Amino acid sequence: MKKIITLFIGVCLSISAQAYTICIDAGHGGKDPGALGFFSKEKTVNLAVALELGRLIEQNCPGTKVVYTRKTDVFVELHERAHIANKAKADLFISIHANSTAAGPKGTTTSGTETYTLGMHRAAENLAVAKRENTVITLESNFEQKYEGFDPKSSESYIIFELMQDQNMAASVGFAKEIQNQFKTTAKRTDRGVHQAGLLVLARTSMPAVLVELGYINNRAEEKYMNSKEGIAALARSLYNAFVAYKK
Ligand SMILES: [Zn+2]
């Protein structure tokens with residue numbers, strides 16, 4: 001065990017020569033609870049994993065600066081989250097979320113993790129995730145102006161993502177693949193793969209950027225796992241390992 005820890009620190013020290021900044025974005029917050037589980041809210045799960053990931057990086061990677069979009073239960077507008085990352089000249093952006101299905105009060109048996117990069121959805125399920133995650137902008141005042149008429153609930157609005165050029169695409173996908181690999185091996189989660197979708201928060205960041213879905217909060221077992229100490233630790237450790245692997 002000691003050997004493994006030493007190895008992680010060694011990897012991080014070797015990259016500490018130049019300053020590197022990661023922006024960690026805990027999805028939702030404040031008046032926006034995100035998806036709802038049986039006993040918990042998405043915003044709480046996202047924040048717990050985000051803080052634990054930041055703690056691991058700060059503790060083991062002295063050359064890496066961690067910037068958070070929120071560290072407490074507050075509402076942060078979507079464009080502001082991207083602005084925080086851009087202003088900090090972050091080298092990498094990770095937005096942390098939990099998934100949910102449209103299943104009724106009985107919940108779902110669907111389980112597993114997904115990681116998204118910016119792009120045009122190829123499947124209806126990816127569009128559904130983008131719609132749900134983008135709809136938070138409707139809680140912001142003047143969102144029509146701020147997002148140039150983008151209607152998060154209208155499928156037509158998503159056509160703009162087909163025309164969008166993303167020079168960070170390859171790096172984002174590389175990081176996303178490391179994350180899914182770590183979720184599978186370190187946290188032993190079901191791997192639901194890397195996907196593309198028109199996620200506004202990723203569209204507005206100017207560095208490699210991913211959005212992770214930690215699991216289904218309306219799946220009783222996964223909700224319990226995501227709220228447990230072990231679950232939070234394993235999910236954050238997976239993201240940390242993926243960061244170290246990506247950085248190398
Ligand atoms: Zn979310």
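These legends go with a handful of close-up views of a predicted model.

View 1. The protein chain has an average pLDDT of 91, and 93% of the residues reach at least 70. Residues 1–10 are another story: the pLDDT there is below 50, and beyond near neighbours in sequence this stretch makes three contacts in the model.

**View 2. The largest nonpolar core.** Here we look at a core of 58 residues, where V49, L53, I94, L199, V210 and L239 have the most contacts inside it. As a general rule, nonpolar side chains in soluble globular proteins tend to be buried together.

**View 3. A closer look at L53 and L239.** Both of these are among the core residues with the most contacts. Leave out the neighbours within four places in sequence, and L53 is in contact with I24, A236, L239 and Y240. As for L239, you'll find this residue in helix α10, which covers residues 229–247. L239 counts as buried because 30 other C-beta atoms lie within 10 Å, and 20 or more is what it takes. Again setting aside residues up to four places away in sequence, L239 touches L53, I94 and I179. There's also A50 to spot: 189 residues separate A50 and L239 along the chain, yet their C-alpha atoms are 9.4 Å apart.

**View 4. Where helices α7 and α10 meet.** Helix α7 spans residues 169–185 and packs against α10 at an angle of about 140°, with 8 Å between the axes. That angle is why α7 is described as oblique to α10. On the α7 side, the contact is made by G174, F175, E178, I179, Q182 and F183, while α10 brings S238, L239, N241, A242, A245 and Y246. As for handedness, α7 passes α10 in a right-handed crossing.

View 5. H28 sits in the loop between β1 (20–26) and α2 (42–60), whereas N142 belongs to the loop between α4 (124–134) and α5 (143–146). Which of them is buried, and which is exposed? H28 counts as buried, since it has 26 C-beta neighbours inside 10 Å. N142 is exposed, with 7 other C-beta atoms within 10 Å.

Key. Residues numbered from 1 in each chain as written. Predicted model: local features only at pLDDT ≥ 70, side-chain atom pairs only at ≥ 80, totals over all residues. Helix = DSSP H or I, 4+ residues; strand = E, 2+ residues; numbered from the N terminus. Buried ≥ 20, exposed ≤ 12 C-beta atoms within 10 Å, placed from the backbone. Core = buried A, V, L, I, M, F, W, Y, C linked by C-beta atoms within 7 Å. Contact = placed C-beta atoms within 7 Å. pLDDT = per-residue confidence, 0-100. Axes fitted to C-alpha atoms, helices over the stretch in contact; angles between N-to-C directions. Parallel < 35°, antiparallel > 145°, perpendicular 65-115°, else oblique. Left-handed = near helix turned anticlockwise from the far one by under 90°.
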